[in-house]
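Take a look at the sequence and the fold. Then follow the walk through its helices and its core.

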Amino acid sequence: MTGSFLGEPSVSPQVQALYDEDLADGGYVWNVSRLWAHQPDTLKDLFGLMSQAFTPSGLTFRQRGILVTAAASALGDSYCSLAWGGKLGKASDAAIAAGVLTGGDAGLTDQEKVMAAWARKVARDPNATTPADIQALRDAGFDDGQIFAITAFVALRLAFSTINDSLGAQPDAELAQSLPREVREAVTYGRPVAG
């Protein structure tokens with residue numbers, strides 16, 4: 001089983017490198033890697049573009065985790081919600097990660113709450129954004145360059161999630177089992193965990 005709607009492609013050197021990275025990091029090959037094995041160079045380029053978009057923001061790993069977790073949960077993407085909920089839990093704590101996943105945002109600073117709200121709005125209905133939303137980001141301390149960087153990063157993450165979700169990528173059982181209970185229980189949407 002590949003953990004998606006597509007079969008697993010033949011193993012090329014690029015595919016093996018993708019799998020080897022997963023094995024070195026966590027001891028198993030992620031379902032999302034099996035899916036992206038159809039175009040491993042595209043995945044590498046997309047992640048490079050995400051990094052390029054995010055770097056000018058000057059934000060921390062925790063803030064990046066809030067953006068991804070808020071956007072993924074608003075989209076209903078269980079895979080990225082679990083993966084980044086776990087990362088955010090490590091960068092803060094499980095209760096904060098669960099709060100972002102459910103939209104409660106308990107434990108976030110005022111600036112982080114504004115950032116999470118923006119990520120959710122971009123994910124749910126980018127045509128509904130207003131100058132007032134941008135002003136809220138400015139009032140929270142973000143300059144226009146940071147706002148652009150945050151938005152570009154969230155949009156690229158949404159592209160990644162959309163491909164994964166559309167092609168049926170299921171969160172890995174190993175991933176779900178490695179997460180705090182609060183994070184697992186907060187993700188009640190999207191595709192079920194594989195297995």
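Is L167 buried, partly exposed or exposed? This is a predicted model, and in it L167 has a relative accessibility of 29%. Buried would need under 20%, and exposed over 50%, so L167 counts as partly exposed.

Where does L167 sit? It lies in the loop between α9 and α10, the latter spanning 173–177. Its partners come from elsewhere in the sequence. Leaving out residues up to four places away, L167 touches S4, F5, L6 and L35. G3 is 164 residues from L167 in sequence. In space, the two C-alpha atoms are 9.7 Å apart.

Now step back into helix α9, residues 144–166. Its axis and that of helix α7, residues 110–124, come within 10 Å. The two cross at roughly 50°. That angle makes α7 oblique to α9. The crossing is right-handed. On the α7 side, W118, A119, V122 and A123 make the contact.

Next comes the core. In soluble globular proteins, nonpolar side chains tend to be buried together. Here the largest nonpolar core has 57 residues. Those with the most contacts inside it are L59, L67, F142, I150, V154, F160 and L175. F160 has its own set of partners. Beyond its neighbours within four places in sequence, F160 is in contact with V32, W36, L43, L46, F47, M50 and C80.

Turn now to helix α6, residues 94–102. Helix α4, residues 61–75, packs on α6 at an angle of about 40°. Their axes are 8 Å apart. From α4, the contact uses R62, I66, T69, A70 and S73. From α6 come I96, A97, V100 and L101. These residues divide into 6 nonpolar, 2 polar and 1 charged.

Helix α5, residues 78–91, packs with α6 too. The angle is about 145°, and the axes are 7 Å apart. α5 passes α6 in a right-handed crossing. S81, G85, L88 and G89 of α5 meet A94, A97, V100 and L101 of α6. This contact holds 5 nonpolar residues, 3 polar residues and no charged ones.

How values were computed
Residues are numbered from 1 along each chain as its sequence is written. This is a predicted model: local features need pLDDT of at least 70, side-chain atom pairs count only at pLDDT 80 or more; totals for chains, interfaces and linings use all residues. Side-chain values use heavy atoms; hydrogens and water are left out. A nonpolar core is a set of buried Ala, Val, Leu, Ile, Met, Phe, Trp, Tyr and Cys residues joined through side-chain atoms within 4.5 Å. Buried means under 20% relative accessible area, exposed over 50%, partly exposed in between (1.4 Å probe, protein chains only). Contact means heavy atoms within 4.5 Å. Axes are lines fitted to C-alpha atoms, for helices over the stretch in contact, and angles run from 0 to 180 degrees between N-to-C directions. Helices (H or I, at least four residues) and strands (E, at least two) are DSSP runs, numbered from the N terminus. Angles under 35 degrees count as roughly parallel, over 145 as roughly antiparallel, 65 to 115 as roughly perpendicular and the rest as oblique. A crossing is left-handed if the near helix is turned anticlockwise from the far one by less than a right angle, and right-handed if clockwise. Ala, Val, Leu, Ile, Met, Phe, Trp, Tyr, Cys and Pro count as nonpolar, Asp, Glu, Lys and Arg as charged, and the others, Gly among them, as polar.
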